[in-house]
Structures are given as C-alpha cells and as structure tokens.
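Please consult the structure shown below.

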Amino acid sequence: MKDLNLPPHATALELGSGTGHVTLDLIETAGATRAHGIEASPLLVAKATEAFSPNPHLSFEVGDARKTGLESQSCDLILLHSVLCHVHDFQNVVREAHRLLKPGGVLAICDGEFDNMSAPISDYDLLDQLILRILTSNVTNLWVMRQLPEVLTETGFKLGHQTLHKPVSEHDANFFLTIIEAGADQFVAQGRLLRETAIAIKAEARVRALAHCLFCNISYISQIGHKPRSD
Ligand SMILES: C[S@@+](CC[C@H](N)C(=O)[O-])C[C@H]1O[C@@H](n2cnc3c(N)ncnc32)[C@H](O)[C@@H]1O
C-alpha cells in the first residue's frame with residue numbers, strides 16, 4: 001500500500017473492514033486523507049468505531065460489500081483485504097468496487113492461498129483432515145486470488161502489480177491451534193463430534209505443537225487493479 005501514488009486529499013474505502021485495523025493503514029500507510037469501512041457485522045462495526053473514534057478521518061458503517069449504497073465514483077482507493085475468500089459471489093464485490101471508484105482509482109486486493117495450508121505428518125492424518133474441514137467451513141473460496149485476474153479484466157479494470165508475499169509462518173502454531181480448538185468446539189456444538197473426541201484432538205494438537213511438528217504456512221497474494229481514466 002506504500003506505492004499507490006494516491007492523489008492529494010484521497011478518499012479510501014475498505015469493504016469488509018472487520019475490526020478496522022487495516023482501514024487505518026489506508027491513512028497511515030497508503031496516505032489517504034480519510035478512510036471509511038463497510039462491514040457486515042454490527043458487532044465489529046461497534047468495536048471499530050469504539051477503537052478509532054478519536055480519529056476524525058476514520059469512520060465505519062454496517063453494510064454489504066456487494067451493494068453498499070454509497071455514491072458512484074466517490075473513492076480514490078478501495079481495499080479488499082481477506083474478504084473475497086469469504087464471499088460466494090465475489091464478482092459482485094469487484095463490480096461494486098468498480099462503480100465506487102473514480103476514473104483513475106485503484107483497487108487493492110490481498111487474500112490468502114488457503115489451499116496451501118496443511119499439517120499432515122502422515123497419509124490421511126486426522127488432524128490435517130480436521131483443519132481442512134474447519135477451513136472449508138469458514139473460507140468460501142480457497143482459490144479466489146487465482147480466479148481474480150480474469151474477473152478484474154471482465155469488470156473493466158486494468159491489471160496492476162501482482163505480488164506473491166513471503167509465506168507467513170507460525171512456528172509456534174498459534175493459528176492452527178486456534179482453528180483446531182475453535183473448530184473442534186464448533187463441531188461439538190453442531191453434533192458432529194463427541195466432546196471426548198474434541199478433547200483428544202485438542203490434546204493431540206498441543207502435543208504436536210510442543211514437539212515442533214505443527215507449524216503453519218499461509219501464503220498471501222496481492223493484486224492491484226486500475227480503473228482506467230477514460231472509463
Ligand atoms: C477475515 S475478516 C477481514 C477483516 C479486515 N479486512 C482485516 O483484514 O482485518 C473478513 C471480514 O469481512 C466481512 N464480510 C464478509 N462478507 C461481507 C460482505 N458481503 N459485506 C461486508 N463485509 C463482509 C466479515 O464480517 C469479516 O469481518
């Protein structure tokens with residue numbers, strides 16, 4: 001987000017802004033003058049508003065990234081960070097971003113390559129199967145960053161830089177431990193696992209983490225799209 005060359009007094013928008021921490025980066029890193037977040041969860045909008053209310057240049061509102069109701073051609077920069085992988089019809093988010101951007105505006109997208117996340121220590125590893133199951137029940141599209149360039153072009157964007165970031169590694173396996181523990185509880189609540197099985201799975205995960213064989217690599221990819229000036 002450092003090299004986007006935004007115009008002076010740029011207005012930025014994050015769609016799917018969550019807790020708002022990345023929305024702040026639109027000002028602090030990308031150099032926008034003001035930033036607004038649209039987020040589906042009222043709880044997260046309340047948290048973001050509370051956390052950042054002293055900043056008069058940041059604001060948040062509940063809304064749908066596919067149909068924001070905001071004014072057309074009102075933004076210089078739109079960010080989609082870790083959101084497209086959660087939206088079934090992500091093409092509609094890209095179309096909405098195109099409508100909202102001014103001609104010459106920039107769309108910045110970053111998402112994980114969740115298909116690469118695995119933790120087996122043998123064939124048909126039980127813990128690995130569980131991680132995959134939890135992942136696919138929370139991430140809608142594991143391949144969104146590969147599908148995106150074609151959708152951007154079809155929508156009218158000119159493709160900018162695509163960056164394959166260095167994998168984010170968690171040697172202490174915190175991320176996997178979190179999804180295994182939360183996922184096992186979720187499965188118990190849904191009646192898909194016995195409580196005793198969930199306890200055993202969590203114990204297995206903690207033992208593997210202590211033995212340094214449960215590490216997690218997540219690859220992230222970012223893609224820039226430019227809305228042509230002559231649009
Ligand atoms: C993984 S979080 C990322 C939050 C934030 N972008 C960040 O990077 O910290 C994905 C967020 O997208 C939101 N979201 C998912 N679908 C949405 C939609 N259709 N409209 C608005 N927000 C959505 C979720 O509620 C969640 O807060």
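Does Cys75 count as buried or exposed? At 3% relative accessibility, Cys75 counts as buried, where buried means under 20% relative accessible area, exposed over 50%, and partly exposed in between (1.4 Å probe, protein chains only). Cys213, at 28% relative accessibility, counts as partly exposed.

The model is predicted: local features need pLDDT of at least 70 and side-chain atom pairs count only at pLDDT 80 or more, while totals for chains, interfaces and linings use all residues. Side-chain values use heavy atoms, with hydrogens and water left out, and residues are numbered from 1 along each chain as its sequence is written.

The structure holds 0 disulfides, a disulfide being a pair of cysteine sulfur atoms within 2.5 Å. The sulfur of Cys75 is too far from its closest cysteine sulfur for a bond, because that sulfur, in Cys110, is 19 Å away.

The ligand is surrounded by 17 residues, each with a heavy atom within 4 Å of it. The closest are Glu14, Gly16, Glu39, Ala65 and His81. By class, this shell has 6 nonpolar, 7 polar and 4 charged residues. The following table lists polar contacts, that is, pairs of N or O atoms within 3.5 Å.

| Residue and part | Ligand atom | Distance |
|---|---|---|
| Glu39, side chain | oxygen | 2.6 Å |
| Ala65, backbone | nitrogen | 2.8 Å |
| Ala40, backbone | nitrogen | 3.2 Å |

Taken alone, the ligand exposes 600 Å², and the protein buries 77% of that, by the Shrake-Rupley method with a 1.4 Å probe.

How values were computed
Polar contact = N/O pair within 3.5 Å; in protein donor to acceptor, adjacent residues only side chain to side chain. Nonpolar A, V, L, I, M, F, W, Y, C, P; charged D, E, K, R; others polar.
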